Structures are given as structure tokens and as C-alpha cells.
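Keep the structure in view as you read.

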Amino acid sequence: MIWDLFVLFFYFIIVFYFGFHFAKNNQKEEDFYLAKKEIHWIFLLLSLVATETSSLTFLSIPSLSFKGDYRFLEIAFGYLIGRTIVALYLLPSYFSGNTISVYEYVGNRFGKSPQKTISLVFTVSRLLGDGIRLYVSSLPIAFLLERMGLNFSSELLGMFALTILSIVTIIYSVVGGFRAIVFTDVLQWFIYILGGIFALGLLVSKLDIQLGESVSQLQNLGKLNFLVLDYLPSGDNSYFIIFALIGGAFISIGSHGTDLMLVQRVIATKNLVSGQKILIGSAIVVILQFVLFLLIGSFLYLFYLGQNMAPDKVFSQFIINEVPSPFLGILVAAILASAMSTLSSTINSLSLTWARDWEMDRWFSPKVLSLFFGITLFGSSLIPYFLIQTWEKGILEMGLTIFSYTLGPSIAVFFLARGKANLPVSGFVFSAFFLLSILSTVAIGLGFQISFTLLVPIGFGTLLVLVQISHFFRKKN
């Protein structure tokens, strides 16, 4: 245990070093938020992947192949399609002007009201969604700390884990700005990827059968299937190939084309071609990353064959029970790394949108805004600890699905902005349409139990329909 804690301490020291090392480069607002567009696109690509990979991904993706097969890869290939569309269709517009926040692009086309509305939705969804993700991430971390010998309740350990990773992340985010965040993301990406490769290698070495025989056994059990070609009229069709590809594409268009936290890494590069490399290349890296963690889940299934294991906890159980010291500390650091990369990016992007879209840079410096949102995000991650069980379940479900409800209408806003036609309504009414589309998507999703892969296209279509109806009545009058 001592060596594991030493590894974690050493990891935090390195993170602090990155934050303070790059602090001297933050002279102006563009330095703090885009690092003067001087960072090489490969580092931005890896930072993008690290940002979209939370500790939930690290621990939960193996559970999908442990209890099922590789059908989740269909959605990942949809990501590739979606990011290619963003790279070729939306991205040229972002590089055509001198904007730091992509919501400024919406403001230039449709006015301040839609710009501030979409920024506000981004803020609420990030504070709630990422706060909940941090809370959920703290649960397995608390479990790991408990098994490492810290004899406290899981709630206290969870809050302790959240407090430590939040303090460290807030400090290097505020002091070092975007440049420190990117290079720390790259470091964290290598840590959790090497952690995953180590876990896979350890699993293979602990199996009593040869690698080729293991693969054959998984194939015979149907654990390596990844295409769902049959539509079930009365079943869950989330992974039906057409729905999965369309849903994955729309999710990726929304997240990597309209979500400031992720788009920020793309527009921080020096030119359009580099930005396109980041988008398309990141999709390929994500697919390979998913394959790695799905492989871990498959071999976990063989390792625990015949035992009754909870799929969402099986990887955590393996890490604690089978990984020797100090490698246990390295894997816990990998889980912390995946959580911290998301937290730091959220802090910086929230600071950016309020500095530019709400013009708060008149009164507050980027560091003050980053500190405020870092503390706010930490507070939102603690909320579930103080809720009764029924309320906790409700807020968890809302936090983990909120992006599916908001991405569709957000995509429609940017596609309309990309077009040449003017709005048939005022900016204020268009903002109301945008919010109404989100509420309609929530109502449809909850009322009809729609597959999550279809929520984004539904939101996208709803806003377009409202705008087209307005065009029709304008022509009639």
C-alpha cells in the first residue's frame, strides 16, 4: 500500500509541475484559452481524446463486452462519420473568422440572444452532466481506496477523492491555463492507455489457456460479434446497425461540432487542415481505445468464467484483487487521470464561454472565472451525496443523459448558421424555439422510451421543423 500511495503522490507532483511550468505563457486572454494556437495538432488530438474519456469510460467499457459483445463499436464508427462531417462542413466556418468561442459564430449570424442561450445551455449541461460524472467516477475510486487499506466509509472516501482531484485540477487549470491543460491531458492519456495495456497483459498471463485458444473460445461464445443486423419490432434497437451509425454520427456532430469544451481543442490549432486532422484522427484513436477496453472485458469474462460478477464492478474487482503493488497505484492514477482531464477541460471552457459570450472579461480575469467554475463544478459533484436515494437516482439519470437531449437542437443551430438563409423570426423567438426543442426531446425521450441513439436526431429535426413552419407562415403573410 505504501508504494501505491507513493505512486499517486508522484503523479500529483508531476501534474503540479505542468501547471506551474506553463503559467508564465499566459499573458493575454487568447494565451489562456487557446495557447496562441501554437500547440502541435497531435498534442491537441490526444488532449481531445483524453477530454472525452472519463473514468467511467475506463471502468465501464469493459463491462459492455463482459456481459455482451462488441456491438458498441458500431456507435464508435458512427463517431468517425460524424467527425468527418464536422471536419468538412462546419469546421471551415469556425476558421473563417477571428472567434475564440464557437458560440460567437452563432452570435455573428443570429444575434446575441441565440449566442447567450446556447452558451447558457452549454453551461447548465456541463455543470450538471460533468458534476454527476465526477460523482459517479468517485464511487469506484472510493472502492479502490477502501481496498487499499483506508478504513473509512465509502461516502467519506468518495468525497475525499473528489476533493483531492478537484483541488489539484483547479490549481493547474487556473495557474497554467489551456496550455497546461493540454499537455497534462496528453500525460494522462498515456497513463490510462498504458494502464489499460498493462491490465490486458496481466489478464492474458493469468489465464490457464493460450491466447489463440482464448480468442477461439470467445468467438464460439459469440462474445466477439459487433454487428447487429436484425431489427426487433418490440425490443431495444439501440445497437441496430442503422440506428447505431446514425446515432453515433449525430452524437459526434453535436459533441465535436457544437460543444465548446471539445471544439476548443480543434480551433486552438493553427489552420483548418490541422483541425480536420484532429477531428478525424481522434475518431480513429477512440475506436482503437474502445477495442482495447472491450478486449479487457472479454478476457475478464474468461477469467471469471462461472462466477457471479457484477459487470459494472468487475474491472474494479480485478484491479484490486489481482494487481500487485506498486502497479495498483499506477492503475488508480490512470482512473484519476481520466477524471481530471474532463474536469480541467470543463473548467477552462466554462470560463471561456462566460468571458466571451457573456462578456464577463470586462470585469473578471480568465483565472478568476476558472477558479469560480472549478469550485462550482466541485460543488455540483457533491450534491448526490446529500440526496435521498430516490432523488439521487433521478439526478444521476438526468446528468448522464442531458447531453443527448441538448445536442440535437444545438446541431440544428449550427447547421442553420452555416446556411445562407436568414431566420424567419427574431433572435429572441429563435432562442425560444431552441429551448422548446430541448424540452420536446426530453418529453419524447421519456414518454416513448426512445433509444438513446435516436434522441439527438429527434432534437435536430424538431428545431428544423419549427423554423420551417415559421418560414411557411411568414410567406403566407
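Q: At what angle do α8 and helix α13 pack, and how far apart are their axes?
A: This is a predicted model, where local features need pLDDT of at least 70, side-chain atom pairs count only at pLDDT 80 or more, and totals for chains, interfaces and linings use all residues. Residues are numbered from 1 along each chain as its sequence is written, and side-chain values use heavy atoms, without hydrogens and water. Helix α13 covers residues 314-322, and its axis lies 12 Å from that of α8, at an angle of about 70°.

Q: Is α8 roughly parallel or roughly perpendicular to α13?
A: Angles of 65 to 115 degrees count as roughly perpendicular, and those under 35 as roughly parallel. The angle here is about 70°. Therefore α8 is roughly perpendicular to α13.

Q: Which residues of α13 make the contact with α8?
A: Contact means heavy atoms within 4.5 Å. From α8 come A199, L202, L203 and K206. From α13 come F315, F318 and E322.

Q: How many charged residues does the contact of α8 with α13 have?
A: Asp, Glu, Lys and Arg count as charged; Ala, Val, Leu, Ile, Met, Phe, Trp, Tyr, Cys and Pro as nonpolar; the others, Gly among them, as polar. The contact has 5 nonpolar and no polar residues. Its charged residues number 2.

Q: Which helices each supply at least two residues of the lining of the largest cavity?
A: The lining includes Y103, D259 and F434. By class, it divides into 7 nonpolar, 4 polar and 1 charged. The helices asked for are α7 (112-147) and α16 (389-418).

Methods
1 Å grid on protein atoms, 1.4 Å probe; cavity = no way out; pocket = protein on both sides within 12 Å on 5 of 7 lines; lining within 4 Å. Helix = DSSP H or I, 4+ residues; strand = E, 2+ residues; numbered from the N terminus. Axes fitted to C-alpha atoms, helices over the stretch in contact; angles between N-to-C directions. Parallel < 35°, antiparallel > 145°, perpendicular 65-115°, else oblique.
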